[in-house]
Amino acid sequence: EQVPSIGIGTVDFRSKIGTPDYQRLMEVFKAFHDGGGRLIDTSPNYGNSEVVMGNLMKDAGLRDKMFVATKVDREDREAGVTRMEESFMQLGGDRIDLMQVHNLRGTDTQLETMKAWKAEGRLRYIGITTHTSRQYEEFEKSMRAHKLDFIQVNYSLSDRGAEERILPLAQDQGLAILVNRPFNDGKMFSAVIDRPLPDWAAEIDCQSWGQVVLKYVMSHPAATIPIPGTTKPHHAVDNVGAMKGRLPDADLRREMEDLMDFLLA
């Protein structure tokens with residue numbers, strides 16, 4: 001299966017339905033979709049973002065057009081079942097594309113349920129997530145212990161630890177990879193905010209530093225899919241714009257790394 005190479009994270013998609021804030025998030029969602037985006041990553045512990053996303057997709061008539069990923073974040077089996085059933089109700093539809101164990105919480109227990117639900121057709125794919133290098137050792141063990149379809153991990157131009165073992169292992173296992181924190185919580189932008197784009201940015205059809213960073217992530221050989229979060233329509237437009245044009249080759253990737261290391265030194 002192929003999905004467009006930029007997704008959207010929804011950690012800040014929190015609002016009351018029908019309010020101006022909700023309408024602003026609808027503009028973000030439509031900008032993402034109109035630009036070719038299809039993959040949405042959410043979680044029940046992102047406030048009421050599942051409720052918001054479920055309503056946005058319903059109101060826009062796009063539920064069946066989206067690839068919907070969410071998570072389960074409970075240790076206990078029954079609590080996990082309850083949590084996932086709530087996700088079905090809030091997101092709509094009779095099937096969720098991807099269910100992920102959130103930050104390895106109850107991995108073995110939750111994956112047992114998730115594997116059964118996948119066999120029943122309720123879940124299309126299953127996976128595990130982390131957002132910190134502190135979990136990499138345990139994360140790698142879980143990757144080796146379970147038959148997964150996806151992983152989600154933090155990786156960016158200024159946070160490249162995942163490429164040492166996690167990304168190569170995922171590539172060897174044929175796993176799809178979602179990348180959270182591709183902007184490293186915005187830390188990179190403070191280093192480049194007043195800096196013009198390098199000449200080589202035009203060679204990979206980038207019109208912003210955000211696109212430079214996303215194309216770096218996308219160009220990893222493991223075919224990673226960044227899922228940057230945003231609550232601003234123009235940022236959504238810029239992000240999905242990174243799906244167009246050329247990607248950096250291995251030599252340019254090294255040049256990008258050297259530049260970012262220098263700027264953040």
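Rings of Phe, Tyr and Trp (for Trp, its six-membered ring) count as a pair if their centres lie within 6.5 Å, and a pair is called stacked when the planes are under 30 degrees apart, edge-to-face when they are over 60, and tilted for the rest. With that in mind, please look at Phe-67, Tyr-125 and Phe-150, which form one aromatic cluster.

Before I go on, a word on the source: this is a predicted model, in which local features need pLDDT of at least 70 and side-chain atom pairs count only at pLDDT 80 or more, while totals for chains, interfaces and linings use all residues. Residues are numbered from 1 along each chain as its sequence is written, and side-chain values use heavy atoms, with hydrogens and water left out.

The structure holds six aromatic pairs. One of them, Phe-67 with Tyr-125, is stacked, at 6.2 Å centre to centre with 20° between the planes. Phe-67 belongs to strand E3 (residues 67-72) and Tyr-125 to strand E5 (residues 123-129), so this pair ties together parts that are 58 residues apart in sequence; strands here are DSSP runs of E with at least two residues, and helices are runs of H or I with at least four, numbered from the N terminus.

Is Phe-67 buried or exposed? Phe-67 is buried, with a relative accessible area of 5%, where buried means under 20%, exposed over 50% and partly exposed in between, using a 1.4 Å probe and protein chains only.

Let me turn to the backbone. Most residues other than glycine have a negative phi. Arg-181, however, has a positive phi near 55°, and this residue sits in the loop between strand E7 (176-180) and helix H7 (187-192).
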